[in-house]
Amino acid sequence: MCGIVGYIGHREAYPVIIKGLKRLEYRGYDSAGIALFDGKDIKLSKTKGKVADLQGKLETEISTNGSLGIGHTRWATHGVPNDINSHPHYSNSGELVIIHNGIIENYESLKKELIKRGYTFKSDTDTEVLVNLIEDVKKNENIKLGKAVQIALNQVVGAYAIAVFDKNKPNEIVVARLGSPLAIGIGEDEFFIASDASPFIEYTKNAIYLEDEEMAVVRRKKGIKIRKIKDDSLVDPYVQELQLNLEQIEKGGYDHFMLKEIYEQPSAILDTFRGRMLPNEGIIKMAGIEDNMKTFLNANRIIVVACGTSWHAGLVSEYIFEDLARIPVEVEYASEFRYRNPVITDKDVVIAISQSGETADTLAAIKLAKSRGAFVFGVCNVVGSSIARETDAGAYTHAGPEIGVASTKAFTTQITVLTLIALRLARAKGTISSSEFRQHMIELELIPEKVKKSLESDAYVKTISEIYKDANNFLYLGRGYNFPVALEGALKLKEISYIHAEGYPAAEMKHGPIALIDENMPIVVIATKKGHYEKVVSNIQEIKSRKGKIIGIVTEGDKQVRELADHVIEVPETIESLTPLLTTIPLQLLSYHIALMLGKNVDQPRNLAKAVTVE
C-alpha cells in the first residue's frame with residue numbers, strides 16, 4: 001500500500017523518482033506527487049490519479065531540476081483522494097516537506113493541540129499533522145531535523161514509513177519506519193529511498209532495510225546514521241546485496257504483469273522446489289524444518305494465519321498436512337485471529353503466510369502468537385521482509401517479484417512450499433510409506449510441465465470469457481482439495497473484473513446457493529477425476545436441471561462431465577493433493593480475459609493494494 005521514492009546525490013532527482021513511482025504502481029494507489037529541491041526552493045506537484053497524470057501536470061507547472069527529491073503514490077486513508085490530500089505535504093512554514101505511508105492513529109488529538117498553537121491545515125490527512133508536529137518540536141526545542149523527527153515519532157501512535165527533508169539542510173533526508181517497509185539504496189555519492197528495492201535496482205545492488213522503530217539520517221558525503229527511535233541508541237547498519245534484477249520487474253513482452261506472472265508459474269514452481277527436493281534420492285531437505293524438526297513433530301496442532309490469496313493457500317495446506325502428516329490444522333484469517341483472544345500454547349506451531357512479507361494483520365498475528373509461546377514459521381516471497389525477520393524460522397517461495405496486484409504465482413508457489421513441508425513431516429512421522437513419499441515427489445517434479453500444458457487452454461478460455469463477460473454473478477464450486485481453489489477463482493474474478501463471485505464447497509450448493517441458479521448464472525465447477533468425482537458429477541446434474549451455465553474444469557479425457565457441461569477445460573492428471581496447482585490455472589486466465597474484455601486495469605484494480613501494511 002502506498003509507495004515512497006526518494007533520491008539525494010549527484011544525478012537529477014526527477015528522472016529517478018518518476019521512474020521509481022512507476023515501478024511502485026503495483027502497490028495500489030489513487031494519487032501521486034513529487035517534491036524537488038533545486039538548492040533554493042522546494043518545488044511541489046501532486047494530483048489525484050495515476051503517475052502518468054502527475055508526469056503530465058508536473059512537467060508543465062514546475063521545473064524539474066534538482067538533485068534532491070521525494071515522491072509518493074497514495075492510497076487514501078484519511079481524507080478522500082484529491083489533489084490537496086495527496087502527498088507530499090508542507091509544514092506551515094514551507095521549510096519541511098514529508099511523504100508518509102501508514103496511519104497515525106492519534107492524529108486528531110495532536111491536530112487539536114497544534115491548532116491551539118496557531119497551526120493551520122489545508123488537508124484532511126494525518127500526514128500533514130505529522131509534518132507540523134515535527135516542525136513544532138524542531139522550533140520549540142531548537143534542534144536539528146533528525147532529532148525533531150525522533151521526538152515527534154515518540155509522540156505518535158500508529159504505523160509509518162516516512163521521508164522528510166528541510167530546505168535549510170539541502171544535503172540530507174531523514175527517514176523512519178514502524179510497520180511499513182523502507183529500504184535505502186547505497187550508491188557512489190548517492191542514496192535512494194523506497195518502499196522496496198525495485199525503484200533503484202539498476203543503480204545499485206546494495207541496500208539497507210530499516211527495522212521497526214528505526215530512523216536514519218541520510219547525508220551526502222557523510223553517509224548514513226541509523227538510530228533507535230525509542231532510546232536514541234546507534235544501530236550498526238546491515239548492508240544486503242540485492243538478488244533482484246531489472247528483467248524480473250519488467251513485462252518482458254507480455255501485455256500485463258498479471259499475464260506474465262501466470263505464465264511464469266512453471267518456472268516459479270520449479271525454482272521453489274529446486275534444491276529442496278531430490279526425488280531420485282528420496283530426499284526433501286529444508287533448513288527451517290530440519291533445524292526445528294522436534295518442534296514440528298511434538299506440536300499439538302498447526303495454526304495457519306494469512307489473508308486473501310495466502311489464506312486460500314493455507315486452506316489447501318490444511319488438507320495436505322492432515323492427510324499426509326496427520327497433524328491437526330486450523331486456518332485463521334490473521335485479521336480475526338489477532339482480535340478474538342485465541343487459545344495458543346507453546347505446543348502450537350503457527351505458520352504465517354504472506355506474499356509480501358509485510359501484511360500488517362499477519363505481522364500482528366505473529367507477534368501475538370510469539371507472546372503466547374508458540375513457535376512461528378514464516379512462508380513469504382520477499383527476502384528480508386518483516387515477516388522473514390519476525391518469525392522463528394521459515395521458507396521463501398522463490399516466486400520472483402510479483403507485480404500484479406492480484407496474486408497468481410504466489411498462490412501456486414505457497415502451495416508448493418507447504419506441500420514440501422507436509423511431505424517432509426509425514427516421512428519423519430512415518431505416516432506415509434517410502435514408496436508413497438517418493439511417488440508424491442515424482443508427481444511434484446512433473447507439475448511445472450503439467451502447468452505449461454494447462455496454459456495451452458488459454459485460447460479456449462478466452463473464447464469462454466467472451467461468452468460470459470457480461471454476467472453479473474458467478475458461482476465457483478469445488479470439493480476437498482479444490483474447494484479452496486473455488487474460493488481463489490472467485491476472488492480473482494472479483495478483484496480484477498469487479499463481477500460478484502462466490503466460491504462454495506460443491507455439496508453446500510443445496511444449502512442456499514442453488515436458489516441463485518438460472519439460465520443467466522455461470523457456474524464454474526472443478527471436477528477432476530481425483531477426489532469425490534461422482535459426487536461432483538451429481539452436483540453438476542442438479543445445476544443442469546436448473547438451466548445453469550456450466551464451465552467444468554476436468555481431467556484430460558473426461559467424458560462424463562463433458563456430456564453435461566456447456567464448456568469443459570482440461571488439465572493434466574496428477575495425484576489429488578497436487579490438483580490445485582493445475583486447476584487454478586484456467587481460473588486465473590478466465591478472470592484475466594474477462595477483466596481485459598471489460599476494459600479493467602488488470603494489474604492495478606481499483607481500491608486494492610499489493611501490500612496491505614495497515615489494518
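Predicted model: local features only at pLDDT ≥ 70, side-chain atom pairs only at ≥ 80, totals over all residues.

Tutor: Residues are numbered from 1 along each chain as its sequence is written, and side-chain values use heavy atoms, with hydrogens and water left out.

Begin with the empty space. Rolling a probe the size of a water molecule over the atoms shows where it is left. A cavity here is a set of points, on a 1 Å grid over the protein atoms alone, where a 1.4 Å probe fits but cannot get out; lining residues have an atom within 4 Å of a point. Points are joined across faces, edges and corners, and the volume is the space filled by probe spheres set on them. The count comes to 3 cavities of 30 Å³ or more.

The largest cavity holds about 70 Å³ of space. Look at who lines this cavity: C2, R74, W75, T77, H78, H87, H100, N101, G102, T125, D126 and T127. Two elements, β6 (96–104) and α4, each give two or more residues to this lining. Helices (H or I, at least four residues) and strands (E, at least two) are DSSP runs, numbered from the N terminus. The largest share, 3 residues, comes from β6. By class, the lining has 2 nonpolar, 8 polar and 2 charged residues. Ala, Val, Leu, Ile, Met, Phe, Trp, Tyr, Cys and Pro count as nonpolar, Asp, Glu, Lys and Arg as charged, and the others, Gly among them, as polar.

A cis peptide bond joins H87 to P88, with omega at about 5°. Most peptide bonds are trans. P88 sits in the loop between β4 (68–74) and β5 (89–90).

Helix α4 (residues 126–141) packs against helix α5 (residues 145–153) at an angle of about 120°, and their axes are 8 Å apart. The axes are lines fitted to C-alpha atoms over the stretch in contact, and angles run from 0 to 180 degrees between N-to-C directions. So α4 and α5 are oblique to each other. Angles under 35 degrees count as roughly parallel, over 145 as roughly antiparallel, 65 to 115 as roughly perpendicular and the rest as oblique. This crossing of α4 and α5 is right-handed. In a right-handed crossing the near helix is turned clockwise from the far one by less than a right angle; anticlockwise makes it left-handed.

Which residues touch? From α4 come L130, L133, I134, V137 and K138; from α5 come L145, A148, V149, I151, A152 and L153. Contact means heavy atoms within 4.5 Å. The contact of α4 with α5 has 10 nonpolar, no polar and 1 charged residues.

Next, the second largest cavity. About 40 Å³ of space lies in it. Its lining is T528, K530, T555, V571, P572, E573, T574, T579 and L582. That lining divides into 3 nonpolar, 4 polar and 2 charged residues.

The crossing of α17 and α20 is right-handed. On the α17 side, V485, E488, G489, K492, L493, I496 and S497 make the contact; on the α20 side, P580, T583, T584, L587, S591, Y592, I594 and A595 do. By class, this contact of α17 with α20 has 8 nonpolar, 5 polar and 2 charged residues.

How values were computed. 1 Å grid on protein atoms, 1.4 Å probe; cavity = no way out; pocket = protein on both sides within 12 Å on 5 of 7 lines; lining within 4 Å.
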